Amino acid sequence: MIRLNNKGQSLVMFICLLPILLLIVLAIVDVSRMVIEKNKLNNINYIAISYYSSHKEDDDVTERIISLVKRNDEDIINVRINKDKNTIYLDKKIDSTMGKIIGISEYEIVSEYSFADDGIKRVK
C-alpha cells in the first residue's frame, strides 16, 4: 500500500486562513483603540463638566474649559458648552486602520455630559 505525504495540506490551509486571521486581529486592535479613545474623551469631559459645575458663574468659564480640554487632548475638534442645559459636548476624529481597508478612513467619537442638582450624568 502506498502512503501519501500530507504535509503540504497543512501549509495550504495555513496560507488560506492567514489573511482572515490577520483581519480579525486588525479589527480587534482597531476596536480596542476606539474604546480607549472613547474612555479618554469621557474622562476629559467629566473633568470639564466638574469644573463647569463649580465655576459656571464665572465670566470666562467657557474659555477656561476649552483651554482645559485642549491641554488634555489637542485632537478634539469640537467643544460645545450649552449653558442653558448645563451640558458639554466633545467631538473627536481618529484614524482607522481597519476602516481604510473597508473604505472608512476615520471614526468620530462623541462625548456629552450634563449636570443638575442630582449630580453629573453622561448623555452620550
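Tutor: Lysine 92 lies in strand E2; strands here are DSSP runs of E with at least two residues, helices are runs of H or I with at least four residues, and both are numbered from the N terminus.

Student: Is lysine 92 buried or exposed?

Tutor: Lysine 92 counts as buried, at 2% relative accessibility. Buried means under 20% relative accessible area, exposed means over 50%, and partly exposed is in between, with a 1.4 Å probe and protein chains only.

Student: Which residues does lysine 92 touch?

Tutor: Not counting residues up to four places away in sequence, lysine 92 touches Glu37, Leu41, Asp73, Asp75, Ile76, Ile77, Tyr107, Glu108 and Ile109. Contact means heavy atoms within 4.5 Å. Lysine 92 and lysine 38 are 54 residues apart in sequence, with 9.0 Å from C-alpha to C-alpha.

Student: Before going on, what kind of model is this, and how are the residues numbered?

Tutor: This is a predicted model, in which local features need pLDDT of at least 70 and side-chain atom pairs count only at pLDDT 80 or more, while totals for chains, interfaces and linings use all residues. Residues are numbered from 1 along each chain as its sequence is written, and side-chain values use heavy atoms, with hydrogens and water left out.

Student: Where in the chain is confidence lowest and where is it highest?

Tutor: Confidence is lowest in H3, at a mean of 76, and highest in strand E2 (residues 87-95), at 91. The pLDDT, which runs from 0 to 100, is the predictor's confidence in each residue. The chain averages a pLDDT of 86, and 94% of the residues score at least 70.

Student: Changing topic, how do H1 and H2 cross?

Tutor: The axes of helix H1 (residues 7-55) and helix H2 (residues 61-72) cross at roughly 155 degrees and come within 10 Å. Axes are lines fitted to C-alpha atoms, for helices over the stretch in contact, and angles run from 0 to 180 degrees between N-to-C directions. H1 and H2 are therefore roughly antiparallel to each other. Angles over 145 degrees count as roughly antiparallel, under 35 as roughly parallel, 65 to 115 as roughly perpendicular, and the rest as oblique.

Student: And which residues meet there?

Tutor: From H1, Lys40, Ile44, Ile47, Ala48, Tyr51, Tyr52 and His55 meet Val61, Arg64, Ile65, Leu68, Val69 and Asn72 in H2. The residues of this contact divide into nine nonpolar, two polar and two charged. Ala, Val, Leu, Ile, Met, Phe, Trp, Tyr, Cys and Pro count as nonpolar, Asp, Glu, Lys and Arg as charged, and the others, Gly among them, as polar.

Student: Take valine 61, then. What does it touch?

Tutor: Valine 61 touches Tyr51, Tyr52, His55, Lys56 and Lys83, not counting residues up to four places away in sequence. At 0% relative accessibility, valine 61 counts as buried.

Student: How about lysine 70, where is its place?

Tutor: Lysine 70 is also in helix H2, and is partly exposed, with a relative accessible area of 32%. Leaving aside neighbours within four places in sequence, lysine 70 is in contact with Ile76 and Ile77.

Student: What is the phi of asparagine 86?

Tutor: Phi of asparagine 86 is near 55 degrees, a positive value in a residue other than glycine. Asparagine 86 lies in the loop between strand E1 (76-82) and E2, and is buried, with a relative accessible area of 17%.

Student: Finally, what is isoleucine 101 in contact with?

Tutor: Leaving aside neighbours within four places in sequence, isoleucine 101 is in contact with Leu23 and Leu26. Isoleucine 101 lies in helix H3 (residues 97-102) and is exposed, with a relative accessible area of 52%.
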